Amino acid sequence: MDSQAHLLLRPNLVAPVYSLHNKSLPVVVIKSPSLANTRRYEIFASHPSSSAPKREKDAKKRIVITGMGVVSVFGNEVDTFYERLLAGESGISLIDRFDTSGLTTRFGGQIRGFESNGYINGKNDRRLDDSQRYCIVAGKRALENAALGEQERSKINKERAGVLVGSGIGGANVFQDGVESLVKAGPRKISPFFSPLMMTNMGSALLSMDLGFLGPNYSISAACATSNYCFCAAANCIREGKADLMIAGGVEASVIPVGIAGFCACRALSQRNDAPETASRPWDKDRDGFVMGEGSGVLVMESLEHAMKRDAPILAEYLGGAISCDAYHITTPRSDGLSVTSCIRNCLKDARVSVEEVNYINAHATSTIVGDVAEVNALKKVFTKTKEIKINATKSMIGHCMGAAGGMEAIATVKAIQTGWLHPTINQFDPEHVVDFDTVANRKQQHRINVAISNSIGFGGHNSVVAFSSFKP
C-alpha cells in the first residue's frame, strides 16, 4: 500500500472442483486412518516443472485449508462473495453511514445490512466494535465450513486449537466514540469497555473465549500486510507442533469518519466522487488512489494429519509464506520493489516451489500511483515469462480492506483454485504499458492453477507473500 503522502512526508465435504474441458484428470482416493470413510480428491493442476523442489511430505507439517469465512460488502457467504467477484460487480458506493460533506473522498466499500444473529448474543453485539463483530462471525462461519460446528468442536483438543486474526487499526470506532465522549462530556463518560475494545488483539481474544480454544492466541498488526503475516505465523505454530488447528486471517472496520479523514489527509484515497464504482482501477493510467473497504477474511488451517484424522474437507493446501520490510519510507514503497522481490523468492523457498510452477498471482494492486507499478517491477524480477502468468486485483471490486485485505484475497485465491475461474480486474480502461502480465481485464477467465501466490504490502514497508495450491495427496 502506498499513497501520495510522499508529497507531505519525507524519507461440508471437499468443495466442488469443476473440471474445465478435460474430464480425464487423475483422481486419488485416500482412506482416513481413523475412519472407514474414503475421500476422493481430484488433482486439479497442471504438471509441475521437472526442476520443481520436493514438497513437504510430513503430514504433521503440511498445512491444509479446511474452512473459510468472510464478511464483506458482498455479504457473509463465501460462495456468494466469489460469484459476485466473478461477475465483475463493484461493491463501491457513496458512504451513507455518516456525513461526508466535508471530506475530499465520500465513497468506499461500506458494508450494509450486516447481521450477527446466531453468532453473537445481543448484549455483546451492542457493545462490540464492528471489527470484533466481523471477526467473530467470519471465524465461526469458517469453522462451520470446516465441518466444525458446535457439536463437532467438542471432539477436538481445544488446547491445540488457536486463533490468530490481526487488524491494521483495531477497534477504531470504539476509539473514535471514546475520544468524542471525552471531549464533549469529560472522562467520567468514557465507557469501561473503551480500553479493551480498542485493542487490535480483541477480535482474536473474543473469538477464542467464545469457542473455548486454549491454544496460541494473539494478533499481528502489520498495516495492510496483516492477514498474510497471520497466515505465516499460524502455519509456523502448526509446523512447530504448538497447535493442530488455527483460525487465521484479518479484520478491519475503518469506514468511519476518522478512518476516511485520516487517509484523505495523506492523499492516499481516490477522489472520484462522481463515479465511485470506477474509482478503484489498479494498473490503469488514470488511477488516483485507493478506495477504503472493510470486512474480514479468515481461514481454518490444519496439519494434514489432524485434518485426515477427523475426515475434514480439504479445500486447498497452504504451501508456504514469507515476510520482509522495505526499510525505506512510512507510506511509499520502493519503486524498484526490491524487498517485495526478495519476499516472493523467500515465499517460494519456504513453499518448496520453483518459479516455473507459479501461474497465478492475486496481486496487492491497490490503485495507487506508485504502488501498482512498484509491485509489477518486483514481480518481473522473479517471473520473467510474464505472458504465462495471470494476475488480478480483488481490490478493484471491494476496495482496500486494510488488515483484512490479505484474508479476503486468500479466499478469492482458494476459490480460483477450486473452480478454475479467475475473477476479473475491473475498470481496466487504459493499462500501464509496464504491466506485461495478463490482468484478467474486465471479464472473468478460465485458468487451471498450478501454484498461486497472494501478495500483501503495507504502510511502514511491510511485505508478505503466501502460496497455495490444490491439495495433492
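Me: Is helix H8 largely enclosed or left open by the rest of the structure, and how many of its residues are buried?

Reply: A residue is called buried under 20% relative accessible area, exposed over 50%, and partly exposed in between, with a 1.4 Å probe and protein chains only. By that reading 12 of the 14 residues of H8 are buried, so the helix is largely enclosed by the rest of the structure; among them are Tyr-229, Phe-231 and the cysteines Cys-230, Cys-232 and Cys-237. Please keep in mind that this is a predicted model, in which local features need pLDDT of at least 70 and side-chain atom pairs count only at pLDDT 80 or more, while totals for chains, interfaces and linings use all residues. Residues are numbered from 1 along each chain as its sequence is written, and side-chain values use heavy atoms, with hydrogens and water left out.

Me: How is the span of H8 judged, and what follows just after the helix?

Reply: Helices (H or I, at least four residues) and strands (E, at least two) are DSSP runs, numbered from the N terminus, and the expected span of a helix is 1.5 Å times one less than its number of residues. For the 14 residues of H8 (residues 226-239) this should give 20 Å, and the end C-alpha atoms are 20 Å apart, which agrees. Just after H8, Gly-241 takes a positive phi of about 80 degrees.

Me: What does the corresponding reading give for helix H5?

Reply: H5 (residues 172-185) has 14 residues, which should span 20 Å, and its end C-alpha atoms are 20 Å apart, in agreement. The buried residues of H5 are Ala-172, Val-174, Gln-176 and Gly-178, and their cover includes helix H6 (194-197) and helix H9 (257-265). After H5 comes Gly-186, whose phi is positive, near 95 degrees.

Me: How should I read the sheet, and in what order do its strands lie?

Reply: Strands of a sheet pair through backbone hydrogen bonds, either parallel or antiparallel. Two strands count as paired if DSSP finds at least two bridges between them. Here 9 strands form an open sheet with mixed pairing, in the order S6-S7-S8-S3-S9-S15-S14-S10-S11. The edge strands are S6 (161-166) and S11 (390-392), each of which pairs on one side only. Neighbouring strands of this sheet are turned by 25 degrees against each other on average, direction ignored. Helix H3 (residues 130-145) packs on the sheet, where it touches S3, S6, S7 (245-252) and S8 (295-303), and its direction makes about 135 degrees with that of S3. For such angles, axes are lines fitted to C-alpha atoms, for helices over the stretch in contact, and the values run from 0 to 180 degrees between N-to-C directions.

Me: Which strands does S9 pair with, and in what sense?

Reply: S9 pairs in the antiparallel sense with S3 (residues 63-71) over 3 bridges, and Glu-317 of S9 is the bridge partner of Val-64. With S15 (residues 462-469) S9 is again antiparallel, over 8 bridges, and Gly-321 stands opposite Val-466 in S15. S15 is in turn joined by 7 bridges to S14 (residues 451-458), also running antiparallel, with Asn-455 bridged to Val-465. As for cover, 8 of the 10 residues of S9 (residues 316-325) are buried.

Me: Is Cys-325 buried or partly exposed, and which residues does it touch?

Reply: Cys-325, in strand S9, is partly exposed because its relative accessible area is 42%. Contact means heavy atoms within 4.5 Å, and, not counting residues up to four places away in sequence, Cys-325 touches Ser-339, Gly-460, Gly-461 and Asn-463. Cys-325 and Cys-343 are 18 residues apart in sequence and 8.6 Å apart in space, C-alpha to C-alpha.
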